[in-house]
Amino acid sequence: MLEANINELERRFQEKIDNDQKIEPNDWMPDNYRQTLIRQISQHAHSEIVGMLPEGNWITRAPNLRRKAVLLAKVQDEAGHGLYLYSATETLGADREETIDDLHSGKAKYSSIFNYPTLSWADMGVIGWLVDGAAIMNQVPLCRCSYGPYARAMVRVCKEESFHQRQGYEIMMTLAKGTPEQKAMAQDALNRFWWPSLMMFGPNDAESTHTAQSMAWKIKRSTNDELRQQMVDITVPQAELIGLTIPDPDLKWNEEKQGYDYGEIDWDEFWSVVKGNGPCNKERVDARRKAKENGEWVREAANAYAAKQKMKKAS
Amino acid sequence: MGARSGKCICGEAKNEKSILIKKDFSKMANNEWPLWEVFIRSKQGLSHKHVGSLRAPDAEMAVENARDVYTRRSEGISIWVVESNNIHASHPSEADSLFEPAHSKVYRHPTFYDVPDGISHM
Ligand SMILES: [Fe+2]
Ligand SMILES: [Fe+2]
Ligand SMILES: [Fe+2]
């Protein structure tokens, strides 16, 4: 295609986005927009799927039937979220099998929060409260993302997420009201997950290389630091309400900015986990790989059965 | 730590008994289940509406998977699945010429017509 044509197409594309029109799968789009979306949506999909592992770990050990049913339902929702998102990458021309294999080979990333272990039942509480809380904060603005299939998937996801956070907070509240041991368990979970949860929003705006372009394309609607600040401001009173302490000695209300000042995030830890050296990176990817390998015979059998039925019908 | 030894510090990885089958996945690509578009009727009296897609080996499993993925909160009373490659769509780049004839025919709308003030039942 002539360069002049491409420039014109790009101009019209950006104009559409500036006018808050959605981009749909068959519309013309710059290659970079497509690639950025495939990367972002597939990372999001992987996070939903890998995110099932730390919680799946506690299903058989939930303290009662109510909690067990809730945890099962939540984990099942996350599988659905993964599916909506993989489907969205397929509308952009990504191959599903390849996308999944990229996770298994370590080529693709997922949210670093899932590389931390879940050591006690209280972790199910803190994950629902903070990790799903942070995910919701990220996903709500994405419901207005410029790419139609992604935005629609986010609307569904956000609807389903709303109980995830509440059930987590309920667990924390129950433990915080319980015996001293139970309360200590809740506090310990908060201590371990607070900082990794804040890291979920990604590097500081100054370090975040793709932010400007992604904002212009409206595939990102708020910056990492804006979302992180919102998260802190919303969460601090929630912790106070149930008598838990945020593990940050520098946390202080700032009257002027009408928000909290908070301590420095350990970015060395963040990058080390992103690069694969977190406590559970290897376990997580191994578990996914094994799940695929051990399910292979089921997929093969389903294919064989479908082929047989087709033949029967034809004859 | 876990990352090196293959064991999580938390001892999360408990189900080590599962058998590891080594397979060459590169050959599997064309074995992939077909893609289906899912349409849901949310209640009696409304038409089916596109809600998303999924992969399944056949129509029966596509309906079952759609039930599990798209109606977990009673969102539907009826499901249609259509294999994606059976859908034929108009092309976005031809949208202008395809829909242009309608743009110039404002007289197809009731607001085009002058009627006296105060007239009722019209
Ligand atoms: Fe989710
Ligand atoms: Fe999510
Ligand atoms: Fe969730």
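1. Basis of the model. The structure is a predicted model, in which local features need pLDDT of at least 70 and side-chain atom pairs count only at pLDDT 80 or more, whereas totals for chains, interfaces and linings use all residues. Residues are numbered from 1 along each chain as its sequence is written, chains are lettered from A and ligands numbered from 1 in the order in which they are written, and side-chain values use heavy atoms, with hydrogens and water left out.

2. Iron site. The iron ion (ligand 2) has A:Glu48 (OE) and A:Gln139 (OE1) as its protein donors, lying 2.1 Å from it; donors are N, O and S atoms within 2.8 Å of the metal (3.2 Å for Na, K and Ca), and since water is not among the atoms, sites may look incomplete. A:Glu48 coordinates both this ion and the iron ion (ligand 1), the two ions being 3.2 Å apart. Because A:Glu48 belongs to helix 2 (residues 31-50) of chain A and A:Gln139 to helix 6 (residues 122-142) of chain A, the pair ties together parts that are 91 residues apart in sequence. Helices here are DSSP runs (H or I, at least four residues), numbered from the N terminus. Both A:Glu48 and A:Gln139 are buried, where buried means under 20% relative accessible area, exposed over 50%, and partly exposed in between (1.4 Å probe, protein chains only).

3. A:Glu55. This residue sits in helix 3 (residues 52-56) of chain A, and A:Glu55 counts as buried because its relative accessibility is 2%. The side chains of A:Glu55 and A:Lys74 are joined by a polar contact of 2.7 Å, that is, a pair of N or O atoms within 3.5 Å of which, within protein, one must be able to donate a hydrogen and the other to accept it, residues adjacent in sequence counting only if both atoms are side-chain atoms. Leaving aside residues up to four places away in sequence, A:Glu55 also touches A:Leu71, A:Val75, A:Met124 and A:Ile127, among others, contact meaning heavy atoms within 4.5 Å.

4. Salt bridges within chain A. Over all chains, the whole structure holds 31 salt bridges, each defined as a side-chain nitrogen of Lys or Arg within 4 Å of a carboxyl oxygen of Asp or Glu. In one of them A:Asp27 pairs with A:Lys16, with the closest N and O atoms 3.4 Å apart; A:Asp27 lies in the loop between helix 1 (3-18) and helix 2 of chain A and A:Lys16 in helix 1, so the pair ties together parts that are eleven residues apart in sequence. Another, between A:Lys292 and A:Asp101, has an N to O distance of 2.8 Å, and since A:Lys292 lies in helix 12 (residues 281-314) and A:Asp101 in helix 5 (residues 96-104) of chain A, it ties together parts that are 191 residues apart in sequence. A:Lys292 is buried at 10% relative accessibility, while A:Asp101 is partly exposed at 24%.

5. Shared partners. A:Asp261 and A:Lys257 meet in a salt bridge of 2.9 Å, N to O. Elsewhere, salt bridges that share partners join A:Asp77, A:Arg156, A:Glu160, B:Arg72, B:Arg73 and B:Glu75 into one network.

6. Chain B surface. B:Tyr113, found in the segment after helix 3 (95-103) of chain B, is partly exposed at 49% relative accessibility.

Definitions and conventions:
Helices (H or I, at least four residues) and strands (E, at least two) are DSSP runs, numbered from the N terminus.
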